[in-house]
Amino acid sequence: MKKHLLVSLITILTIAFLAACGTSENTSGEGSEDKKVLKMGTSADFPPFETIDAASGEYIGFDIELTKYIAEQLGYELEIDNMDFGGLISSLQSKRVDFVASGMSATDERKESVDFSIEYHKSGEMFVTLKDSDVTSFDQLDGKKLGVQLGTIQEEGATKIKEEEMNDLEIIALNKAPELIQELKAGRIDAVYLDKTVALGFIDELDLAGFEDPTDASPGMAIAFPKGSELVEDFNKVLEEMKANGELEKLEKEWIEE
(Lines give C-alpha, C1' and ligand atoms only; values in the text may rest on other atoms or scores of the structure.)
Protein backbone atom coordinates (compact mmCIF):
# COMPACT_ATOMS: atom_id res chain seq x y z
CA MET A 1 0.00 0.00 0.00
CA LYS A 2 1.22 3.50 -0.73
CA LYS A 3 3.45 4.95 1.97
CA HIS A 4 1.21 7.91 2.68
CA LEU A 5 -1.64 5.53 3.61
CA LEU A 6 0.26 3.79 6.40
CA VAL A 7 -1.41 5.71 9.22
CA SER A 8 -1.38 4.03 12.62
CA LEU A 9 -4.68 3.08 14.19
CA ILE A 10 -3.94 5.07 17.32
CA THR A 11 -3.23 8.17 15.27
CA ILE A 12 -6.46 7.79 13.33
CA LEU A 13 -8.50 7.60 16.51
CA THR A 14 -6.59 10.37 18.30
CA ILE A 15 -7.04 12.97 15.56
CA ALA A 16 -10.65 12.10 14.76
CA PHE A 17 -11.75 15.27 16.58
CA LEU A 18 -10.35 17.24 13.65
CA ALA A 19 -13.29 16.07 11.55
CA ALA A 20 -15.64 18.76 10.34
CA CYS A 21 -18.88 19.10 12.27
CA GLY A 22 -21.92 21.31 11.94
CA THR A 23 -24.57 21.58 9.25
CA SER A 24 -24.97 23.31 5.92
CA GLU A 25 -27.85 24.16 3.63
CA ASN A 26 -28.10 21.91 0.61
CA THR A 27 -25.80 23.29 -2.15
CA SER A 28 -26.61 26.83 -1.05
CA GLY A 29 -23.44 27.87 0.79
CA GLU A 30 -20.99 30.25 -0.86
CA GLY A 31 -17.35 29.24 -0.91
CA SER A 32 -14.18 30.84 -2.18
CA GLU A 33 -14.26 32.50 -5.59
CA ASP A 34 -18.07 32.61 -5.32
CA LYS A 35 -18.33 28.85 -5.87
CA LYS A 36 -21.32 27.07 -4.39
CA VAL A 37 -20.49 24.53 -1.70
CA LEU A 38 -21.28 20.83 -1.91
CA LYS A 39 -21.27 19.10 1.46
CA MET A 40 -20.07 15.52 1.48
CA GLY A 41 -20.69 13.03 4.26
CA THR A 42 -18.06 10.40 4.98
CA SER A 43 -16.66 8.18 7.73
CA ALA A 44 -12.94 8.93 7.61
CA ASP A 45 -11.69 5.70 9.18
CA PHE A 46 -11.58 3.57 6.05
CA PRO A 47 -8.16 3.73 4.37
CA PRO A 48 -7.37 3.82 1.49
CA PHE A 49 -10.79 5.30 0.65
CA GLU A 50 -10.97 7.97 3.35
CA THR A 51 -8.87 8.71 6.40
CA ILE A 52 -7.14 11.63 8.13
CA ASP A 53 -3.46 12.29 7.43
CA ALA A 54 -1.45 12.10 10.66
CA ALA A 55 0.91 14.93 9.73
CA SER A 56 -1.44 17.51 8.26
CA GLY A 57 -4.85 16.62 9.71
CA GLU A 58 -6.22 16.74 6.16
CA TYR A 59 -8.69 14.25 4.70
CA ILE A 60 -6.99 11.95 2.22
CA GLY A 61 -7.90 8.88 0.20
CA PHE A 62 -9.44 7.57 -2.99
CA ASP A 63 -12.97 8.85 -2.30
CA ILE A 64 -11.62 12.24 -1.23
CA GLU A 65 -9.67 12.77 -4.46
CA LEU A 66 -12.51 11.35 -6.55
CA THR A 67 -15.09 13.74 -5.15
CA LYS A 68 -12.71 16.72 -5.24
CA TYR A 69 -12.24 16.08 -8.94
CA ILE A 70 -15.99 15.77 -9.57
CA ALA A 71 -16.77 18.92 -7.57
CA GLU A 72 -14.13 20.86 -9.49
CA GLN A 73 -15.49 19.67 -12.82
CA LEU A 74 -18.99 20.77 -11.82
CA GLY A 75 -17.85 24.14 -10.45
CA TYR A 76 -18.41 23.46 -6.75
CA GLU A 77 -16.26 23.79 -3.65
CA LEU A 78 -16.20 20.62 -1.55
CA GLU A 79 -16.83 20.59 2.20
CA ILE A 80 -16.45 17.36 4.19
CA ASP A 81 -18.54 16.31 7.19
CA ASN A 82 -16.99 13.35 9.05
CA MET A 83 -19.33 11.09 11.04
CA ASP A 84 -19.93 7.46 11.98
CA PHE A 85 -20.78 5.27 9.00
CA GLY A 86 -24.09 4.25 10.55
CA GLY A 87 -25.31 7.87 10.44
CA LEU A 88 -24.53 8.59 6.80
CA ILE A 89 -27.84 7.63 5.22
CA SER A 90 -29.87 9.50 7.84
CA SER A 91 -27.69 12.57 7.18
CA LEU A 92 -28.77 12.40 3.53
CA GLN A 93 -32.41 12.00 4.44
CA SER A 94 -32.26 15.02 6.75
CA LYS A 95 -30.31 16.98 4.09
CA ARG A 96 -27.44 17.59 6.48
CA VAL A 97 -25.18 16.67 3.56
CA ASP A 98 -25.65 16.76 -0.22
CA PHE A 99 -24.08 13.39 -0.94
CA VAL A 100 -22.12 10.57 0.67
CA ALA A 101 -18.86 9.02 -0.54
CA SER A 102 -17.58 6.52 2.00
CA GLY A 103 -16.79 3.20 0.36
CA MET A 104 -20.56 2.55 0.40
CA SER A 105 -21.91 -0.44 -1.52
CA ALA A 106 -25.05 0.21 -3.56
CA THR A 107 -27.25 -2.49 -2.04
CA ASP A 108 -30.92 -2.98 -2.90
CA GLU A 109 -31.86 -2.22 0.71
CA ARG A 110 -30.04 1.12 0.66
CA LYS A 111 -31.63 1.99 -2.69
CA GLU A 112 -34.96 2.09 -0.90
CA SER A 113 -33.70 5.07 1.13
CA VAL A 114 -31.26 6.89 -1.19
CA ASP A 115 -30.31 7.24 -4.85
CA PHE A 116 -26.91 6.06 -6.09
CA SER A 117 -24.52 7.08 -8.82
CA ILE A 118 -23.11 4.49 -11.17
CA GLU A 119 -20.58 2.20 -9.47
CA TYR A 120 -16.99 3.45 -9.37
CA HIS A 121 -15.14 0.60 -7.59
CA LYS A 122 -15.62 -3.03 -6.60
CA SER A 123 -13.45 -4.78 -4.01
CA GLY A 124 -15.15 -7.78 -2.45
CA GLU A 125 -14.66 -8.76 1.21
CA MET A 126 -12.02 -10.36 3.43
CA PHE A 127 -11.68 -11.69 6.96
CA VAL A 128 -8.71 -10.32 8.93
CA THR A 129 -7.07 -12.34 11.71
CA LEU A 130 -3.91 -12.42 13.77
CA LYS A 131 -1.02 -14.35 12.22
CA ASP A 132 -1.08 -17.00 14.96
CA SER A 133 -4.88 -17.35 14.88
CA ASP A 134 -6.50 -20.78 14.74
CA VAL A 135 -9.03 -19.26 12.32
CA THR A 136 -7.52 -19.63 8.87
CA SER A 137 -10.57 -20.35 6.71
CA PHE A 138 -14.25 -19.47 6.43
CA ASP A 139 -15.54 -22.77 7.84
CA GLN A 140 -13.59 -22.21 11.09
CA LEU A 141 -15.56 -19.06 12.00
CA ASP A 142 -18.49 -20.87 13.62
CA GLY A 143 -18.36 -20.40 17.39
CA LYS A 144 -15.98 -17.44 17.06
CA LYS A 145 -16.37 -13.70 17.62
CA LEU A 146 -16.53 -11.76 14.35
CA GLY A 147 -16.10 -7.97 14.31
CA VAL A 148 -18.00 -5.79 11.81
CA GLN A 149 -18.53 -2.06 11.33
CA LEU A 150 -22.00 -0.78 12.16
CA GLY A 151 -24.20 0.00 9.17
CA THR A 152 -21.95 -1.67 6.59
CA ILE A 153 -22.63 -4.36 4.03
CA GLN A 154 -20.26 -6.55 6.06
CA GLU A 155 -22.62 -6.29 9.05
CA GLU A 156 -25.47 -7.41 6.79
CA GLY A 157 -23.33 -10.21 5.38
CA ALA A 158 -22.27 -11.45 8.82
CA THR A 159 -25.91 -11.54 9.93
CA LYS A 160 -26.80 -13.59 6.85
CA ILE A 161 -23.90 -16.00 7.50
CA LYS A 162 -25.05 -16.47 11.11
CA GLU A 163 -28.68 -17.07 10.12
CA GLU A 164 -27.98 -19.41 7.22
CA GLU A 165 -24.72 -21.20 8.03
CA MET A 166 -23.24 -20.58 11.50
CA ASN A 167 -25.67 -20.39 14.41
CA ASP A 168 -22.85 -20.13 16.96
CA LEU A 169 -21.13 -17.20 15.26
CA GLU A 170 -21.05 -14.17 17.59
CA ILE A 171 -21.16 -10.80 15.83
CA ILE A 172 -19.51 -7.77 17.49
CA ALA A 173 -20.47 -4.47 15.83
CA LEU A 174 -18.51 -1.25 16.44
CA ASN A 175 -18.58 2.20 14.88
CA LYS A 176 -15.13 2.35 13.28
CA ALA A 177 -12.86 -0.08 11.43
CA PRO A 178 -9.73 0.85 13.47
CA GLU A 179 -11.61 0.05 16.68
CA LEU A 180 -12.29 -3.45 15.31
CA ILE A 181 -8.61 -3.96 14.53
CA GLN A 182 -7.71 -2.86 18.07
CA GLU A 183 -10.17 -5.41 19.47
CA LEU A 184 -8.61 -8.08 17.25
CA LYS A 185 -5.08 -7.27 18.40
CA ALA A 186 -6.25 -7.29 22.03
CA GLY A 187 -7.67 -10.79 21.56
CA ARG A 188 -11.25 -9.80 22.31
CA ILE A 189 -12.51 -10.89 18.87
CA ASP A 190 -11.26 -13.63 16.55
CA ALA A 191 -11.65 -12.01 13.12
CA VAL A 192 -12.75 -8.77 11.44
CA TYR A 193 -14.94 -8.73 8.32
CA LEU A 194 -13.96 -5.84 6.01
CA ASP A 195 -13.91 -4.56 2.46
CA LYS A 196 -11.05 -6.40 0.74
CA THR A 197 -9.04 -3.29 -0.17
CA VAL A 198 -9.27 -1.95 3.37
CA ALA A 199 -8.45 -5.36 4.84
CA LEU A 200 -5.31 -5.68 2.72
CA GLY A 201 -4.18 -2.28 3.94
CA PHE A 202 -4.47 -3.29 7.60
CA ILE A 203 -2.83 -6.68 6.92
CA ASP A 204 0.13 -5.00 5.25
CA GLU A 205 0.51 -2.20 7.79
CA LEU A 206 0.09 -4.22 10.96
CA ASP A 207 1.52 -7.61 9.91
CA LEU A 208 -1.81 -9.39 10.22
CA ALA A 209 -3.25 -12.37 8.31
CA GLY A 210 -6.50 -12.97 6.48
CA PHE A 211 -8.52 -14.93 3.96
CA GLU A 212 -11.07 -14.02 1.30
CA ASP A 213 -14.83 -14.24 1.67
CA PRO A 214 -16.15 -17.21 -0.36
CA THR A 215 -19.81 -16.13 -0.06
CA ASP A 216 -21.80 -14.14 -2.63
CA ALA A 217 -20.00 -11.05 -3.93
CA SER A 218 -21.30 -7.66 -2.81
CA PRO A 219 -22.35 -4.87 -5.18
CA GLY A 220 -19.81 -2.22 -6.09
CA MET A 221 -19.24 1.11 -4.39
CA ALA A 222 -21.23 4.16 -5.47
CA ILE A 223 -21.93 7.73 -4.35
CA ALA A 224 -25.20 8.15 -2.44
CA PHE A 225 -27.67 11.06 -2.70
CA PRO A 226 -31.00 12.02 -1.19
CA LYS A 227 -33.94 10.59 -3.11
CA GLY A 228 -34.66 12.67 -6.22
CA SER A 229 -31.38 14.63 -6.11
CA GLU A 230 -30.56 16.42 -9.37
CA LEU A 231 -26.88 15.85 -8.63
CA VAL A 232 -27.03 12.17 -9.60
CA GLU A 233 -27.07 12.88 -13.34
CA ASP A 234 -24.26 15.44 -13.07
CA PHE A 235 -22.04 13.10 -11.04
CA ASN A 236 -22.71 10.19 -13.39
CA LYS A 237 -21.65 12.28 -16.35
CA VAL A 238 -18.30 13.11 -14.74
CA LEU A 239 -17.78 9.51 -13.57
CA GLU A 240 -18.35 8.25 -17.12
CA GLU A 241 -15.84 10.82 -18.40
CA MET A 242 -13.31 9.70 -15.76
CA LYS A 243 -13.68 6.10 -16.87
CA ALA A 244 -13.16 7.11 -20.50
CA ASN A 245 -10.23 9.53 -20.04
CA GLY A 246 -8.26 7.41 -17.56
CA GLU A 247 -8.70 9.66 -14.51
CA LEU A 248 -10.48 6.92 -12.53
CA GLU A 249 -7.77 4.39 -13.34
CA LYS A 250 -5.16 6.96 -12.31
CA LEU A 251 -6.76 7.33 -8.87
CA GLU A 252 -6.98 3.56 -8.45
CA LYS A 253 -3.28 3.19 -9.20
CA GLU A 254 -2.40 5.96 -6.75
CA TRP A 255 -4.55 4.88 -3.81
CA ILE A 256 -5.64 1.26 -4.21
CA GLU A 257 -3.15 -0.78 -6.22
CA GLU A 258 -0.10 -1.99 -4.36
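**Entry 1: the largest cavity.** I began inside. The largest cavity has a volume of about 110 Å³. I noted the rule: on a 1 Å grid over the protein atoms alone, a cavity is a set of points where a 1.4 Å probe fits but cannot get out. A pocket is an open set with protein on both sides within 12 Å along at least five of seven lines, and lining residues have an atom within 4 Å of a point. Grid points are joined across faces, edges and corners, and the volume is the space filled by probe spheres set on the points.

I listed the lining next. It has 15 residues, and Phe46, Phe85, Gly103, Thr152 and Gln154 lie nearest the centre of the largest cavity. By class, this lining has five nonpolar, six polar and four charged residues. Here Ala, Val, Leu, Ile, Met, Phe, Trp, Tyr, Cys and Pro count as nonpolar, Asp, Glu, Lys and Arg as charged, and the others, Gly among them, as polar. I counted three cavities of 30 Å³ or more.

**Entry 2: what I am looking at.** This is a predicted model, where local features need pLDDT of at least 70, side-chain atom pairs count only at pLDDT 80 or more, and totals for chains, interfaces and linings use all residues. Residues are numbered from 1 along each chain as its sequence is written, and side-chain values use heavy atoms, with hydrogens and water left out.

Entry 3: I turned to the open spaces. The largest pocket holds about 290 Å³ of space. Its lining has 17 residues, with Gly157, Lys160, Tyr193, Thr215 and Asp216 nearest the centre. The lining of the largest pocket splits into five nonpolar, five polar and seven charged residues.

The second largest pocket has a volume of about 230 Å³. I found 15 residues in its lining, and Glu65, Lys68, Tyr69, Ala71 and Glu72 are the closest to its centre. Helix 2 (62–74), strand 4 (76–82) and helix 9 (247–255) each supply at least two lining residues. Helix 2 gives the most, with five. This lining has six nonpolar, one polar and eight charged residues.

**Entry 4: aromatic pairs.** I searched the whole structure and found nine aromatic pairs. Rings of Phe, Tyr and Trp (its six-membered ring) pair if their centres lie within 6.5 Å; planes under 30 degrees apart count as stacked, over 60 as edge-to-face and the rest as tilted. Phe49 and Phe62 make an edge-to-face pair, 6.0 Å centre to centre with 85° between the planes. Phe49 sits in the loop between strand 1 (36–42) and strand 2 (51–52), and Phe62 sits in helix 2, 13 residues apart. Phe49 is buried, at 0% relative accessible area. Phe62 is buried too, at 0%. Buried means under 20% relative accessible area, exposed over 50%, and partly exposed in between (1.4 Å probe, protein chains only).

Why is the pair of Phe127 and Tyr193 stacked? The ring centres are 4.4 Å apart and the planes are at 5°, so the pair counts as stacked. Phe127 lies in strand 7 (residues 125–129) and Tyr193 in strand 10 (residues 191–195), so the pair ties together parts 66 residues apart in sequence. Phe127 is buried at 0%, and Tyr193 is buried at 4%. I also noted one aromatic cluster, formed by Phe46, Phe49, Phe62 and Tyr120.

**Entry 5: two buried residues.** Where is Ser105? I found Ser105 in the loop between strand 5 (99–100) and helix 4 (108–111). Its relative accessible area is 6%, so Ser105 is buried. Leaving aside neighbours within four places in sequence, Ser105 is in contact (heavy atoms within 4.5 Å) with residues including Arg110, Phe116, Ile153 and Ser218. Ser105 and Ala224 are 119 residues apart in sequence, yet 9.2 Å apart in space, C-alpha to C-alpha.

Gln149 lies in strand 8 (residues 145–149). Gln149 is buried, at 3% relative accessibility. Not counting residues up to four places away in sequence, Gln149 touches Phe46 and Phe85, among others. Both Phe46 and Phe85 were on my list for the largest cavity.

Notes
Helix = DSSP H or I, 4+ residues; strand = E, 2+ residues; numbered from the N terminus.
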